[in-house]
Amino acid sequence: MQTYLLSQRFNAGSFAGNSTACPANATICNGTSCVLPEEALNETLRVVLSTVLTTMLALVMFSMGCNVEFKKFWGHIKRPWGIFVGFLCQFGIMPLTAFLLSLAFNVLPVQAVVVLIMGCCPGGSASNIIAYWVDGDMDLSVSMTTSSTLLAMGMMPLCLFIYTKMWTDSNAIVLPYDSIGVSLIALVIPVSIGMYVNHRWPSKAKIILKIGSITGAILIVVIAVVGGILYQGSWVITPKLWIIGTIFPAAGYSLGFVLARIAGLSWHRCRTVSLETGMQNTQLCSTIVQLSFTSEQLELMFTFPLIYSIFQLLFALLILGGYRIYIKRCVKTKTDVEKPEEKEDTKSTPSHDKINGGFVSNETT
């Protein structure tokens, strides 16, 4: 299906010779708002950048895999309590939150549907990158992202069937299983290679991890900026969706953390579950929206995945900044006070640096 972008608002006076305030090639005209077909140059640029960013993301996930140990990863699979808590957050909390926000703000049916689609999407790969920087459990992070992407093939239709009945026929929503499959492959293969490198050449894996983590952080920002540039013509959207796009990721992060803590997970795993809950696969949501709705409907909803993407990144960076400040100030002060006791236990207690691939933390697990 051809992608349509909302144009910027046009000045009716500049088209005085025409009977409409919109250009001749506009497919939809509503006052001074128009929907234009994507320009060939912009389409080419989008395809090229998409290919480059996908390749870079695969390389970043390879580097993230260099911090995953197969034994610990398999341990999460065999004793999937952390994965189960993440599952409840991903396909329990997020769809329900989307449903309640849509009701609370009384948005149009087609707008409620796009909010629900976002809530039913699996976790995105960006969560693995942020989890690294907040000293999260990388083995749990990767296993949760993989599991949620795999389970999305069954859970997304179920959640959409339950929550969208009052607004639309769930059969009208086209789920791109091929895109979900590609996302799964793009995650599993690079991470698996990274795990193998970590097993065979652990010293080289640490170097790759450092480079990849920095590249990943830059990549997240680049994706957000590129999305804003490519879809700059589609910023005409109701304020209600802006508010929902702000509240939704913040609620996901908060509720995910709280539920993980209630479930008895350690602090660094709570941070991991929080990030996996709030960071959604927004690219998948955009694909579903474009496949399922007409250009007239896209006018009302197309920008929401981009809005969510921006705010989920913004809040993730705030979490990262807050955590780093806490580590530098509070943990450092606590370490200085308890320094005599730590000297006695140095030989008997393995350091967190060895346990978690370079992360230094005073948390109990």
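These legends go with a set of close-up views of one predicted model.

Before the close-ups, a word on conventions: residues are numbered from 1 along each chain as its sequence is written, and side-chain values use heavy atoms, with hydrogens and water left out. Since this is a predicted model, local features need pLDDT of at least 70 and side-chain atom pairs count only at pLDDT 80 or more, while totals for chains, interfaces and linings use all residues.

**View 1. The whole chain, for orientation.**
The fold comes to 15 helices and three strands; helices (H or I, at least four residues) and strands (E, at least two) are DSSP runs, numbered from the N terminus. Of the 365 residues in the chain, 49% are buried, where buried means under 20% relative accessible area, exposed over 50%, and partly exposed in between (1.4 Å probe, protein chains only). Take the contacts (heavy atoms within 4.5 Å) between residues at least 6 apart in sequence: 82% of them join residues at least 24 apart. The accessible surface is about 17800 Å², and 66% of that belongs to carbon and sulfur atoms; areas come from the Shrake-Rupley method with a 1.4 Å probe, and for residues only the protein chains shown count as cover.

Mean pLDDT (the predictor's confidence in each residue, from 0 to 100) is 75 for the chain, with 68% of residues reaching 70 or more. Residues 1-20 stay under 50, and the model has 48 contacts beyond four places in sequence for them. Residues 25-38 also stay under 50, here with 47 such contacts.

**View 2. Two salt bridges.**
The count comes to two salt bridges, each being a side-chain nitrogen of Lys or Arg within 4 Å of a carboxyl oxygen of Asp or Glu. In one, the side chains of D135 and R324 meet at 3.7 Å, N to O. D135 sits in the loop between α5 (126-133) and α6, and R324 in helix α13 (residues 304-337), so this pair ties together parts that are 189 residues apart in sequence. D135 is buried at 5% relative accessibility, whereas R324 is partly exposed at 28%. In the other, R269 and D137 meet at 2.8 Å, N to O. This pair links distant parts of the chain too, with R269 in helix α10 (residues 267-278) and D137 in the loop between α5 and α6, 132 residues apart. R269 is partly exposed, with a relative accessible area of 30%, and D137 is buried, at 4%.

**View 3. S148 and its surroundings.**
S148 belongs to helix α6 (residues 138-163). With a relative accessible area of 7%, S148 counts as buried. Its side chain reaches the backbone oxygen of T145 at 3.1 Å. Set aside the neighbours within four places in sequence, and S148 is in contact with Q90, F91, P122 and G123.

L96, L100, L103 and M166 make a nonpolar surface patch of about 370 Å². Patches are made of residues with over 30% relative accessible area and no salt bridge: like charges are joined within 9 Å, nonpolar side chains (Val, Leu, Ile, Met, Phe, Trp, Tyr) within 5 Å. L103, found in helix α3 (residues 81-105), is partly exposed at 39%.

**View 4. T54 and A186.**
T54 is in helix α1 (residues 40-65) and is partly exposed, at 43% relative accessibility. T54 and A186 are 132 residues apart in sequence, yet their C-alpha atoms are 8.4 Å apart in space.

Notes. A polar contact is a pair of N or O atoms within 3.5 Å; within protein, one must be able to donate a hydrogen and the other to accept it, and residues adjacent in sequence count only if both atoms are side-chain atoms.
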